Amino acid sequence: MLVIGLTGGIATGKSTVSNILKAKGLPVVDADIIARQVVEPGTPGLAKIRAHFGDAVIQKDGTLDRKALGSIIFNDKKQRAKLNSIVHPAVQKAMFWEVVKHWFRGERLCVLDVPLLIEGPLHRMVGNIVVVYCSEDTQLKRLMLRDGSSQEDAVSRLRSQMPIAQKMAYANIVVNNSGTREELDVQVDGLVQSLNKAAGWTWRLSWLLPLFALLAGGLAVLWRVAIATSRL
Ligand SMILES: CC(C)(COP(=O)(O)OP(=O)(O)OC[C@H]1O[C@@H](n2cnc3c(N)ncnc32)[C@H](O)[C@@H]1O)[C@@H](O)C(=O)NCCC(=O)NCCS
Ligand SMILES: Nc1ncnc2c1ncn2[C@@H]1O[C@H](COP(=O)(O)OP(=O)(O)OP(=O)(O)O)[C@@H](O)[C@H]1O
């Protein structure tokens, strides 16, 4: 199975690309959604967050106060590392099992939408890395527009991640989302075509390899039988 990592910087357009891929029928596993599931009420993740960050990050209904936690971790490197050490192992485990599930279902490819793909170990699990790019100026504008956040908040979120220019060095496919939505659609169309083509080859190879192994095994047995029966 072809496993593709989809990443980018904050507000460069990963979710937009991942929604287009889903609409085209590609299976997508979203790390942001899993990161929410592993801190739902009753989970060990939320208990650990409460133990470290205190009741100030828990709402009256027992759910995580995302705004309160965000304002701590996007302004403090140590606290961010602490939160990451609580949430990321659970996210990575869940994502691994999601990939296995897709594989069992016989899917030819699976896209992992992971904002912090390059920063963490998950990039070693994927065969292809797609980075969705736009300039930092555009990132900031889109982030403030989407979240209704101040420039200060948007900048601190942006600085919490590896700069997009550095992430591009890890990419083998770059989607340039500096233009319009229509221009993005055209690029994603091209991306889907190349992914489907590559997935076809990977799928055929994944059947050919065990077939070759079986054939080689059969030949080895025949060789042994031939040697044994030809002894004087
Ligand atoms: C701090 C939290 C509660 C803020 O929640 P909020 O609803 O405001 O943001 P949301 O989860 O939708 O994330 C939006 C974007 O912020 C960026 N982001 C989130 N967490 C981090 C982080 N730890 N470091 C850097 N950037 C991050 C990502 O680009 C993400 O797509 C939340 O982001 C969180 O729990 N983060 C830790 C888990 C994590 O790293 N998630 C990212 C994918 S694994
Ligand atoms: N080509 C585009 N033109 C204008 N706006 C766009 C374009 N692409 C995406 N956007 C908008 O920019 C914002 C950020 O996009 P999106 O939410 O997809 O980013 P993201 O990379 O998933 O962000 P995050 O890391 O926060 O999850 C959204 O409001 C989206 O509608």
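This is a predicted model: local features need pLDDT of at least 70, side-chain atom pairs count only at pLDDT 80 or more; totals for chains, interfaces and linings use all residues.

Q: How do the residues around ligand 1 divide into nonpolar, polar and charged?
A: There are 18 residues around ligand 1, and I10, R66, G70, P115 and S160 come nearest. Sorted by kind, the shell of ligand 1 holds ten nonpolar, four polar and four charged residues.

Q: Which helix supplies the largest share of the shell around ligand 2?
A: Ligand 2 has 16 residues around it, with K14, S15, T16, R142 and R146 coming nearest. At least two shell residues come from each of helix 1 (14–23), helix 6 and helix 9 (181–229). The largest share is three residues, and it comes from helix 1.

Q: How do the residues of the shell around ligand 2 divide into nonpolar, polar and charged?
A: Helix 1, helix 6 and helix 9 each supply at least two residues of this shell. Sorted by kind, the shell around ligand 2 has four nonpolar, seven polar and five charged residues.

Q: How far does helix 6 reach from its first C-alpha to its last?
A: Helix 6 covers residues 136–147, which makes twelve residues. At 1.5 Å a residue, a span of 16 Å is expected. The reach of helix 6 is close to that value, at 16 Å.

Q: Which residue just after helix 6 takes a positive phi?
A: Helix 6 ends at residue 147. Just after helix 6, phi is positive, at about 60°, in G148.

Q: Is A11 buried or exposed?
A: A11 sits in the loop between strand 1 (2–8) and helix 1. Most residues other than glycine have a negative phi. A11, though not a glycine, has a positive phi near 65°. Because 20 or more C-beta neighbours within 10 Å make a residue buried, and A11 has 24 inside 10 Å, A11 counts as buried.

Q: What distance separates the C-alpha atoms of L109 and R146?
A: L109 lies in strand 3 (residues 109–113), and its 22 C-beta neighbours inside 10 Å are why L109 counts as buried. Leaving aside neighbours within four places in sequence, L109 is in contact with M1, L2, I4, L26, L195 and A199. R146, for its part, is one of the residues that come nearest to ligand 2. L109 and R146 are 37 residues apart along the chain, and their C-alpha atoms are separated by 30 Å.

How values were computed
Residues are numbered from 1 along each chain as its sequence is written. Chains are lettered from A and ligands numbered from 1 in the order in which they are written. Helices (H or I, at least four residues) and strands (E, at least two) are DSSP runs, numbered from the N terminus. The expected span of a helix is 1.5 Å times one less than its number of residues. A residue is near a molecule or strand if its C-beta atom, placed from the backbone, lies within 6 Å of it. Ala, Val, Leu, Ile, Met, Phe, Trp, Tyr, Cys and Pro count as nonpolar, Asp, Glu, Lys and Arg as charged, and the others, Gly among them, as polar. A residue is buried if 20 or more other C-beta atoms lie within 10 Å of its own, exposed if 12 or fewer, and partly exposed in between; C-beta atoms are placed from the backbone. Two residues are in contact if their C-beta atoms, placed from the backbone, lie within 7 Å.
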